[in-house]
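Subject: Structure handover and findings

Hello,

Here is the structure you were waiting for. Please open it alongside this note. My findings follow below.

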Amino acid sequence: MLPQSKKDSKLDTKKNLEVLNELAELNNCNNVLFFEARRHEDLYLWTSRAPSGPSIKFHVLNIHTMSELKLTGNCLKGSRPILSFDSNFDSSLHYKLVKAQFEQIFCVPIKTRRSKPFFDHVMSFSIVDDKIWIRNYQISEKDPETGADLSQASDMSLVEIGPRFVLNVIRIFEGSFNGRTLFENPEFNTPTAIKSAVRRLKSQKYNNRVDSALDQKVKLAKHTMPQDPLKDVFQ
């Protein structure tokens, strides 16, 4: 997806993330994408403009890979994408900052290494329920039914390639992986807090069942039938 990117090995530490600025300088990179996995279940994404910032921390949700989806779309390796942003990105300052950083990261420079000088796919960024939905589509110039080439650009269609995922903004920092907080999402709940709430809810249901069973036993004890003195008369 990013022909101009340079991969690096896994980071040994998760506390001192400022070392990523040094790695970016060694690789002559201006932007950093860092995926942080916790407990083998939760995934976070850091995007940063190295070395001065700003940096943004996201919670990654609903990840579906290309092999998992098995979609029919396809694009050439190294081709440049067209970036499509929802109009809601201009509704608030922190979304404007996210849009500007995505433009710097996902926009492939002209004549960069390993890139092709044409566009054949579209990356869509939409805001739904205060979350950023990211999709990748192929620009299809053929009729999906007959396979014939389309003569007009207006007849072109989009076919999803994948992957697809959702980003939830957690916090925006002034510096690169450090600095004061410029924005903090007040509606964000950590996955650990959500799991704890679910466990408390399940335990509350269990406690309610136990209390109901005890109440039933008390009611039965109160309404016990008195012993009949004449039950042995006809034996």
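A definition to start with: helices (H or I, at least four residues) and strands (E, at least two) are DSSP runs, numbered from the N terminus. The element names below follow that scheme. Please also keep in mind that this is a predicted model.

Overall build

The protein has four helices and nine strands. Along the sequence they run α-β-β-β-α-β-α-β-β-β-β-β-α. The chain counts 235 residues, and 32% of them are buried. The radius of gyration is 28 Å, whereas a compact globule of 235 residues would come near 18 Å. Along the principal axes, the C-alpha atoms fill a box of roughly 110 × 55 × 35 Å.

P54 sits in the loop between β2 (42-49) and β3 (55-64).

G162 and P163 are also joined by a cis peptide bond. Here omega is about -5 degrees. P163 belongs to the loop that runs between β7 (157-160) and β8 (164-173).

Positive phi values

Please check the loop between β5 and β6 (131-140), where D129 is placed. D129 has phi near 55 degrees, a positive value in a residue other than glycine. D129 is exposed, because its relative accessible area is 63% and the cut-off for exposed is over 50%.

D130 lies in the loop between β5 and β6 too. Its phi is near 60 degrees, again positive and again not in a glycine. D130 has 45% relative accessibility, so it counts as partly exposed.

Salt bridges

How many salt bridges does a search of the whole structure find? The search gives eight. Some of them are set out here.

E36 and R38 come first. Their side chains meet in a salt bridge at 3.0 Å, N to O. Is E36 buried or exposed? E36 is buried, because its relative accessible area is 3% and buried means under 20%. R38 is partly exposed, at 31% relative accessible area. R38 is part of strand β1 (residues 31-38). One distance to go with this: the C-alpha atoms of R38 and L2 are 25 Å apart, and 36 residues separate the two along the chain.

D90 and K99 form another salt bridge through their side chains, at 3.8 Å, N to O. D90 is partly exposed, with a relative accessible area of 45%.

R180 and E174 meet at 2.9 Å, N to O, also in a side-chain salt bridge. R180 counts as exposed at 53% relative accessibility. E174 counts as partly exposed at 38%.

There is also a network. Salt bridges link E41, D42 and K195.

Surface patches

Which residues form the positive surface patch? They are K6, K7, K77, R113, R114 and K116. Among them, R114 is placed in the loop between α3 (93-106) and β5 (119-128). R114 is exposed, with a relative accessible area of 51%.

A nonpolar patch also lies on the surface, formed by Y206, V210 and L214. Together these residues have about 280 Å² of accessible area. V210 is placed in helix α4 (residues 191-222). V210 has a relative accessible area of 33%, so it is partly exposed.

Where to look

For a quick tour, take the two proline sites first. P54 is in the β2-β3 loop, and P163 is in the β7-β8 loop. Then go to D129 and D130 for the positive phi values.

Best wishes

Conventions: Residues are numbered from 1 along each chain as its sequence is written. This is a predicted model: local features need pLDDT of at least 70, side-chain atom pairs count only at pLDDT 80 or more; totals for chains, interfaces and linings use all residues. Side-chain values use heavy atoms; hydrogens and water are left out. Patches are made of residues with over 30% relative accessible area and no salt bridge: like charges are joined within 9 Å, nonpolar side chains (Val, Leu, Ile, Met, Phe, Trp, Tyr) within 5 Å. Accessible areas come from the Shrake-Rupley method with a 1.4 Å probe; for residues, only the protein chains shown count as cover. A salt bridge is a side-chain nitrogen of Lys or Arg within 4 Å of a carboxyl oxygen of Asp or Glu. Buried means under 20% relative accessible area, exposed over 50%, partly exposed in between (1.4 Å probe, protein chains only). Lys and Arg count as positive and Asp and Glu as negative; His and the chain ends are not counted. The place of a charge is taken as NZ of Lys, CZ of Arg, CG of Asp or CD of Glu. The radius of gyration is taken over C-alpha atoms; the globule rule is 2.2 Å times the number of residues to the power 0.38.
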